[in-house]
Amino acid sequence: MKKIIIINGPNLNLLGKREPGIYGAQTFEDFYKDLNQKYEAFELSYFQSNIEGELIDKLQEVGFLYDGIILNAAAYTHTSVGIGDAIKAIETPVIEVHISNTFSREEFRHQSYISPNAKGVILGFGLQSYELALQSFL
Ligand code: DQA
């Protein structure tokens, strides 16, 4: 069974409550439960942190063991050289995802330290972005 982890960055623990016009009304926990039921072929796990170093620690921990990483680094996408370097350092392929279409938003969201090192990028499909990323590992 393929081992896939979803890693979510800062403020994504507030999904459901946070700017629902942009990020939707569903909590990530609800969505994750549905995803597990729908994709029994994967051994899925989930990690969220608001702390940059904890995200890097997790990438290093799983990055030589897992078959795939689905990463929404949230605001750190646009700022973190450290997360970009971590993705370069590990072996497991990383799919970058975003709930919103970052290119239709503020200019500072157009820059990503993740994209150059990611296997692929999926954005703008709401929580379905995660599902589409998962399907790429089928
Ligand atoms: C986000 C987009 C980022 O620009 C923002 O900082 C987030 C969420 C998204 O999933 O749309 O926190 O990564």
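By contact I mean heavy atoms within 4.5 Å. This is a predicted model, in which local features need pLDDT of at least 70, side-chain atom pairs count only at pLDDT 80 or more, and totals for chains, interfaces and linings use all residues. Residues are numbered from 1 along each chain as its sequence is written, and side-chain values use heavy atoms, with hydrogens and water left out.

Helices (H or I, at least four residues) and strands (E, at least two) are DSSP runs, numbered from the N terminus. Buried means under 20% relative accessible area and exposed over 50%, with a 1.4 Å probe and protein chains only.

I begin with helix 2, residues 28-38, where Phe-28, Phe-31, Tyr-32 and Leu-35 are buried. Viewed down the helix axis, the buried residues of helix 2 fall within an arc of 100 degrees (taken from the directions from the axis to the C-beta atoms), so they line one face. They pack against strand 1 (2-8), strand 2 (42-48) and helix 5 (128-135). Lys-33 and Gln-37, on the other side of helix 2, are exposed.

In helix 4, residues 81-89, the buried residues are Ile-83, Gly-84, Ala-86 and Ile-87. Their arc is within 160 degrees down the axis of helix 4, so they too line one face. Their cover includes helix 3 (52-62), strand 3 (68-72) and strand 4 (94-98).

Finally, the ligand. Polar side-chain atoms lie 3.0 Å from a ligand oxygen in the case of Arg-18 and 2.8 Å in the case of His-98. These are polar contacts, meaning pairs of N or O atoms within 3.5 Å.

Definitions and conventions
A polar contact is a pair of N or O atoms within 3.5 Å; within protein, one must be able to donate a hydrogen and the other to accept it, and residues adjacent in sequence count only if both atoms are side-chain atoms.
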